[in-house]
Number of protein chains: 4
Amino acid sequence: MYFKSDNGSAVHPMVMDAMAKANQGYSDSYGDDLIMDRVRDKVRDLFEAPEAAVYLVATGTTANVLSLAINVTPWQAIYCHPLSHIHNDECNAPEFYTGGAKLKLVEGKDGLIPASALETAIASSMQGDVHCTQRGVVSITNLSEAGTRYTTAAVRELGAIAHSYNLPLHMDGARFANAMVASAASPAELTWKSGVDILSFGGTKNGLMGVEAVVLFDPEKAWEFELRRKRGGHLFSKHRYLSAQMDAYLDGDLWIEMATSSNQKAARLSQGILKLPDASLVYPTDGNIVFASMPRARHRQAMEAGAKYYFVSPTATTNGPDDEQLAARFVCSWSTTDKDIDAFLKLAQS
Amino acid sequence: MYFKSDNGSAVHPMVMDAMAKANQGYSDSYGDDLIMDRVRDKVRDLFEAPEAAVYLVATGTTANVLSLAINVTPWQAIYCHPLSHIHNDECNAPEFYTGGAKLKLVEGKDGLIPASALETAIASSMQGDVHCTQRGVVSITNLSEAGTRYTTAAVRELGAIAHSYNLPLHMDGARFANAMVASAASPAELTWKSGVDILSFGGTKNGLMGVEAVVLFDPEKAWEFELRRKRGGHLFSKHRYLSAQMDAYLDGDLWIEMATSSNQKAARLSQGILKLPDASLVYPTDGNIVFASMPRARHRQAMEAGAKYYFVSPTATTNGPDDEQLAARFVCSWSTTDKDIDAFLKLAQS
Amino acid sequence: MYFKSDNGSAVHPMVMDAMAKANQGYSDSYGDDLIMDRVRDKVRDLFEAPEAAVYLVATGTTANVLSLAINVTPWQAIYCHPLSHIHNDECNAPEFYTGGAKLKLVEGKDGLIPASALETAIASSMQGDVHCTQRGVVSITNLSEAGTRYTTAAVRELGAIAHSYNLPLHMDGARFANAMVASAASPAELTWKSGVDILSFGGTKNGLMGVEAVVLFDPEKAWEFELRRKRGGHLFSKHRYLSAQMDAYLDGDLWIEMATSSNQKAARLSQGILKLPDASLVYPTDGNIVFASMPRARHRQAMEAGAKYYFVSPTATTNGPDDEQLAARFVCSWSTTDKDIDAFLKLAQS
Amino acid sequence: MYFKSDNGSAVHPMVMDAMAKANQGYSDSYGDDLIMDRVRDKVRDLFEAPEAAVYLVATGTTANVLSLAINVTPWQAIYCHPLSHIHNDECNAPEFYTGGAKLKLVEGKDGLIPASALETAIASSMQGDVHCTQRGVVSITNLSEAGTRYTTAAVRELGAIAHSYNLPLHMDGARFANAMVASAASPAELTWKSGVDILSFGGTKNGLMGVEAVVLFDPEKAWEFELRRKRGGHLFSKHRYLSAQMDAYLDGDLWIEMATSSNQKAARLSQGILKLPDASLVYPTDGNIVFASMPRARHRQAMEAGAKYYFVSPTATTNGPDDEQLAARFVCSWSTTDKDIDAFLKLAQS
């Protein structure tokens with residue numbers, strides 16, 4: 001019953017095997033390993049993007065901030081949602097890597113930016129007035145921090161708006177796999193075919209040890225990306241072990257299999273919670289994250305029996321009136337089992 | 001016969017085993033794993049520094065730049081050797097992480113900063129003149145980029161000078177293990193007892209997959225370090241796999257065993273080269289790196305038979321007059337064998 | 001009828017005279033001029049702050065960003081109003097000078113931050129969570145960008161909240177003089193006695209050529225301020241001409257005389273506008289700025305006759321339906337005359 | 001007898017007059033004043049560069065760092081002389097404004113970079129190796145910090161080398177006027193016709209109050225320059241007073257007249273010193289700066305009688321053996337008189 005985060009889960013055994021297999025003899029370093037050549041091809045095939053530049057980094061923050069840094073100048077704006085990871089959870093890393101670009105928050109329901117709000121935000125930026133933050137880049141998260149997803153149509157609409165202002169569109173896909181499997185769309189359709197120019201293609205939260213690919217659908221700034229990655233300290237000498245992870249991830253659709261499983265568990269959890277008479281969902285459950293509100297007594301029961309997850313409010317605790325509604329976040333991972341879900345539901349129900 | 005770098009070698013099997021062992025069930029993330037608690041204790045014990053703050057990062061550049069960043073302001077100087085890794089091989093990462101501190105180069109033979117040169121460099125910095133770069137931090141590399149080492153006495157002398165100006169002393173110990181085993185000194189004697197305030201304690205070049213510890217002997221800036229690590233994108237969610245590496249590294253003196261082996265191979269190589277009638281060492285061989293000069297014909301023979309290493313001059317190639325002397329760098333790792341060395345020597349001799 | 005900005009006005013003749021008088025013979029440079037010694041004493045006397053550090057810079061942006069930079073780290077937040085100059089009108093200069101601190105917007109009526117909103121904003125910052133922006137500094141503008149002012153009591157309340165979290169309070173006083181004369185309080189009461197730790201004490205908008213003083217009521221970071229000023233390119237070699245301006249400003253209460261006049265003109269304008277049947281104020285007129293809404297026809301008439309001022313909406317023009325209400329900003333300066341005001345009102349009325 | 005610096009001198013009366021004349025009525029701010037239109041035309045005419053972008057800033061540091069910032073990325077090198085102002089006298093401002101570019105020092109006699117040394121420095125930069133600082137921009141100072149000048153031929157040679165590597169050439173012309181009048185060349189010949197891409201065209205050291213023009217011979221990055229100027233806090237609201245200074249500077253060749261005078265005074269001083277039996281020049285006197293070595297006794301005599309200038313060594317004083325040779329720097333300005341020179345020489349001789 002570990003629902004604190006999908007990054008609390010272990011690494012999938014097939015990924016571990018691939019790393020062990022890579023651990024043979026010598027290899028050129030810093031991305032010149034042979035496995036990386038294969039990974040690059042696989043990612044390009046997967047996204048139907050034969051020209052794309054593909055790079056691996058070890059953390060999601062890194063994938064995001066390098067992606068943004070090559071697409072924005074220090075006097076420009078990054079349009080993003082108030083709930084976005086780049087705004088709330090990266091300790092000002094975007095500001096650091098971009099040299100001081102400003103995150104402009106675009107409100108929207110359920111963690112998603114509506115097209116109209118994006119249009120308004122960009123339009124109202126006083127482009128060409130030297131006193132004002134200039135327009136820079138749009139960043140959306142799919143699966144969002146609220147556990148909701150952008151449909152292909154929604155991405156396409158946002159991409160069209162961004163492009164109408166000549167702005168690139170970045171997708172933080174730390175949980176791209178979860179958004180993907182919830183969709184009927186192909187990776188290409190959910191990204192560049194809908195206007196995404198650069199993708200943080202997450203692996204760590206979905207069964208890898210620590211690898212995110214960055215996919216530059218337009219490779220023009222590939223060399224700048226490489227320099228920024230190195231300058232940030234993010235170029236790995238023993239890079240083959242990053243390559244091996246991503247190689248295994250894409251092998252036989254392991255990544256889809258894992259995300260499908262975690263989404264199913266979340267759906268099971270979500271449905272179970274909705275059967276409680278006094279519980280409700282805070283956001284729709286589109287992927288592997290459930291935001292639900294229940295009386296404190298139910299939380300207390302589950303937590304005291306060992307269920308691990310966070311309240312949405314950082315100051316909320318199990319101490320207090322039994323019937324006070326408290327919102328909480330539950331994240332399922334590839335290794336979450338039906339047994340975990342059912343055990344939790346049983347506790348919460350009782 | 002792979003001598004390009006020690007980071008071309010594989011990960012030691014015991015380290016892989018430790019990672020596999022860590023791959024069980026759920027774990028809190030971002031450094032809150034239980035293995036890290038053990039690692040912290042081990043490092044403190046090893047260095048006889050019960051108060052030290054200990055952090056893990058994945059690359060040597062990161063260890064260095066975070067160490068420097070908490071010890072220097074943007075208008076100050078980092079005193080370092082012209083051959084230092086932070087000056088030559090990190091794509092301006094120190095300038096990035098420090099917000100623009102200036103690397104002041106202090107010349108010295110064999111990649112080492114002499115005490116007198118350091119004293120002169122610091123003294124001549126016009127401290128208190130608002131127009132001039134102020135004094136900041138001293139950074140030395142042990143084992144140095146020339147493959148030479150600072151003795152404990154040498155470190156002590158440099159530490160005394162730095163401290164006489166109230167400057168901290170940073171040691172880039174990407175190859176600290178190799179310097180250590182070449183010395184009769186303890187880890188504590190080679191570091192804080194001789195004036196080192198912060199150490200980049202390398203593991204990646206010595207058999208790990210990608211882990212460096214940063215040891216803050218004075219923990220005062222520990223929290224700032226943590227914030228800078230996160231802001232740089234260097235805090236790993238699945239941190240347990242970093243912890244497991246360092247845990248295995250320090251287990252049963254594996255780290256010393258590996259460095260002892262790589263130093264021995266380098267000594268064997270060095271001695272073999274010196275037996276050639278027309279070869280010479282560029283720098284003394286103190287650790288696991290050999291810089292040697294030989295006629296091109298010998299290099300050609302070895303390289304064409306599969307020996308892999310770099311010429312010192314980036315423009316040198318095997319094409320050209322046979323008898324032209326060309327300097328090259330050979331790096332031995334934990335996995336280098338006597339057989340590798342002897343095979344190379346045989347080729348070079350013929 | 002020039003109401004575009006108070007910085008469109010000329011320099012007061014007495015200030016010009018003082019500069020001409022300073023233009024004699026040689027003077028040590030970079031702030032070592034003798035006039036600066038006098039200015040420092042005058043500012044300290046004025047603010048009853050004998051220990052304060054006092055510096056001159058030439059632009060308001062500079063005064064603000066240097067003040068912020070010594071009071072916030074790159075991973076912290078600057079709490080400010082959505083209308084604040086540092087957020088809207090400085091092209092990301094605060095982010096640049098602070099190394100990437102984040103401006104957290106605290107909403108409030110009429111351009112003013114209410115105490116309760118500040119408390120909530122600070123309290124909800126997840127201090128101590130390494131992923132999150134840490135608490136940094138509070139910045140308020142007095143006179144605000146809406147032309148409204150913080151009373152002494154309001155400042156005291158905000159100061160108390162900031163200090164209860166150990167955060168410093170910065171006051172952007174680009175129009176401090178206008179706030180002052182609207183108040184019964186002394187300079188000391190409106191600043192450090194109410195909790196202001198550092199003040200941008202503006203002069204340029206109130207009759208100087210280009211000088212703002214920065215007053216550090218706590219001089220602890222004075223040397224850091226000097227280094228940051230130099231590193232920003234803001235230390236003037238021929239500093240005596242900055243000193244001379246501030247010297248004249250404080251001479252015989254010239255600064256108060258000028259602000260009193262500009263406030264009176266704004267009041268006259270405000271009252272005149274309110275007499276129009278279809279006009280209203282957008283914000284109360286506390287100082288020298290009037291925000292008023294009138295039908296387009298009135299604006300058109302005034303503008304076509306030569307009145308110069310800006311619509312609030314950057315896209316608004318005189319073209320369009322006559323009766324559409326359009327908000328506009330009118331700024332009075334020391335050189336605005338009753339005749340200007342009356343001429344405008346006459347036009348708008350007709 | 002004030003020879004500490006040319007920035008210790010007053011402002012030329014004609015410049016003061018122009019500022020007073022500009023002090024009439026209202027003017028649009030931030031560079032939209034009408035005088036600036038005239039200045040722009042004058043500068044373009046002067047340099048025979050009708051397409052050039054022309055901007056005014058108030059300090060030499062600002063002119064330099066903004067010029068560099070638009071011509072270098074944070075992972076690149078700025079090639080400059082070890083004596084250069086940008087390296088020694090700007091408190092790491094170039095690193096700040098460029099986001100951490102590295103100043104690579106290119107040695108050369110008399111404060112000048114020889115073509116061969118520049119070629120070697122650039123060639124040895126490992127362009128395309130992601131670990132290494134990439135090639136960025138070349139910056140030379142004319143008149144140099146040693147008081148020497150680059151001939152047109154020398155500039156042309158350096159420009160050709162820079163351009164052969166596709167690097168721009170920046171000229172720090174804080175004392176461009178002094179270099180100009182020492183030359184038979186036109187402003188255009190000494191700059192863009194010889195390969196200079198961007199010029200810091202100084203005025204402050206040559207009789208202005210505080211204005212430097214930046215001339216972008218290629219206007220492609222003009223808008224970026226404007227944004228960086230604003231973001232640095234260097235865009236003046238009451239810009240007309242900067243414009244007025246530069247307007248007067250270029251009026252009737254006032255700038256040339258002033259520089260001619262200061263160069264003549266330096267020549268007179270230099271020749272006088274050389275007549276002393278035990279004095280010598282440290283560098284040739286090409287412009288308005290004299291570096292000379294004399295016995296301490298002579299310095300003592302002059303200084304005690306009121307001559308003001310600096311020893312080259314910051315630790316040198318008038319206390320010590322009479323006959324010890326001490327180098328000193330003497331700077332003449334537009335207001336230096338023959339009487340000043342002769343009075344000093346008389347003292348030094350006695």
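Start by selecting helix α10 of chain A, whose buried residues are Phe225(A), Leu227(A), Arg228(A), Arg229(A), Lys230(A) and Arg231(A). A residue is called buried if 20 or more other C-beta atoms lie within 10 Å of its own, exposed if 12 or fewer, and partly exposed in between, with the C-beta atoms placed from the backbone. Helices (H or I, at least four residues) and strands (E, at least two) are DSSP runs, numbered from the N terminus. What you have open is a predicted model, in which local features need pLDDT of at least 70 and side-chain atom pairs count only at pLDDT 80 or more, while totals for chains, interfaces and linings use all residues. Residues are numbered from 1 along each chain as its sequence is written, and chains are lettered from A and ligands numbered from 1 in the order in which they are written.

Following α10(A) is Gly233(A), which has a positive phi, near 80°.

Next, show chains A and B together. Their contact takes 38 residues from chain A and 38 residues from chain B. On the side of chain A that touches chain B, the elements giving two or more residues are α1 (13-22), α3 (60-69), α5 (93-98) and α10 (222-231) of chain A. That side divides into 15 nonpolar, 19 polar and 4 charged residues, where Ala, Val, Leu, Ile, Met, Phe, Trp, Tyr, Cys and Pro count as nonpolar, Asp, Glu, Lys and Arg as charged, and the others, Gly among them, as polar.

How is chain A laid on chain B? A turn of 180° with a shift of 0.0 Å along the axis does it, with an RMSD of 0.0 Å, and that is the relation of a two-fold axis. To find the axis, select Gly232(A), whose C-alpha is the nearest to it in chain A, at 3.6 Å. Such copies are superposed by least squares on the C-alpha atoms of residues with pLDDT of at least 70 in both. Because 100% of the interface residues of chain A are also interface residues in chain B, the copies meet through the same surface.

The contact between them takes 19 residues from domain 1 of chain A and 18 residues from domain 2 of chain A. On the domain 1 side, α8 (176-181) and α11 (240-250) of chain A each supply at least two residues, and α8(A) gives the largest share, 5 residues. By class, the domain 1 side has 9 nonpolar, 6 polar and 4 charged residues.

Move to chain C and select helices α2 (residues 34-46) and α11 (residues 240-250), which pack at an angle of about 35° with their axes 9 Å apart. Axes are lines fitted to C-alpha atoms, for helices over the stretch in contact, and angles run from 0 to 180 degrees between N-to-C directions. Among the residues making the contact are Ile35(C), Val39(C) and Leu46(C) of α2(C) and Ala244(C), Met246(C) and Leu250(C) of α11(C). The contact has 7 nonpolar, 1 polar and 4 charged residues.

Centre the view on Leu46(C), which is found in α2 of chain C. Leu46(C) is partly exposed, with 18 other C-beta atoms within 10 Å. Leu46(C) touches Pro187(C) and Leu250(C), not counting residues up to four places away in sequence. The C-alpha atoms of Leu46(C) and Leu250(C) are separated by 8.6 Å, although these residues are 204 residues apart along the chain.

Finish in chain D at Gly320(D), in the loop between β10 (310-311) and β11 (325-331). Gly320(D) is exposed, with 12 other C-beta atoms within 10 Å.

Note on methods: Two residues are in contact if their C-beta atoms, placed from the backbone, lie within 7 Å.
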